[in-house]
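Hi,

Here is the structure I promised to pass on.

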Amino acid sequence: IRSSKKVNKRIEEAIRVLLFANERGVITNHTSFFIYRQYIIHPHITRCSKNMKFDTQGKKTILIMDTSLHSRRIISVLRYQESTAEEGYAEWRYRFLAGIFGFIKDFKVDEVILALDSKPYWRKEIYPFYKVNRKTRELKEEKENKDWFEYEEYYKNMDEFIGEIKKNLPFKIVESKGCEADDIAGVLCYSDLLKDFNKVVV
């Protein structure tokens, strides 16, 4: 977190969201954790350490990936490279899969779950200002950055790519109405369905 001003703002936002959720009886432990992560911890993941060790205790390992975050991290770099949209999206697809297979290799993963976001988010119901500036920011970025990238085309490519992954790869795709990938990861980590797995969350 870069400044105390930002820290205070994030804490205030987190408290407001928690109060809204509590009033409506939808607060849970994993909800409060991910609100904490969303508002207080700096939201950008840098890099998973290849040196991370854990005792497998004879269990299989499952990778739970925030698909949207993984994709946006890649596209945020590629969009500023000189290329056509066709070349850019081809490189994006390659890096998307290469990243997943890299995690599979590094952490000796047996199963992969790709968690998807599903709009409209339930947080919007309890906190109407949730991500309220994202669309405006995206339009501003497109106007200021004269590159090949457009969000509408990106979302279209993302939907098509996920469809291809469903058909051709043995990954499990998980999506729940109104939920974000963070919610899905939180629920799965505490679920009895995966109690016999070690979990790696990206």
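Lys131 sits in the loop that links helix 5 to helix 6 (134–144); helices (H or I, at least four residues) and strands (E, at least two) are DSSP runs, numbered from the N terminus. Before going on, note that this is a predicted model, where local features need pLDDT of at least 70, side-chain atom pairs count only at pLDDT 80 or more, and totals for chains, interfaces and linings use all residues. Residues are numbered from 1 along each chain as its sequence is written, and side-chain values use heavy atoms, with hydrogens and water left out.

Back to Lys131: its phi is near 55 degrees, which is positive even though the residue is not glycine. With a relative accessible area of 24%, Lys131 is partly exposed (buried is under 20% relative accessible area, exposed over 50%, partly exposed in between, with a 1.4 Å probe and protein chains only).

Lys108 is another non-glycine residue with a positive phi, about 50 degrees. You'll find Lys108 in the loop between helix 4 (85–106) and strand 2, and it counts as exposed because its relative accessibility is 65%.

Then there's a cis peptide bond, running from Lys119 to Pro120, with omega near -5 degrees. Pro120 belongs to the loop between strand 2 (111–115) and helix 5 (123–126). For context, most residues other than glycine have a negative phi, and most peptide bonds are trans.

Lastly, why is helix 8 (residues 181–190) largely enclosed by the rest of the structure? Because seven of its ten residues are buried, namely Ala181, Asp182, Asp183, Ile184, Ala185, Gly186 and Leu188.

Cheers
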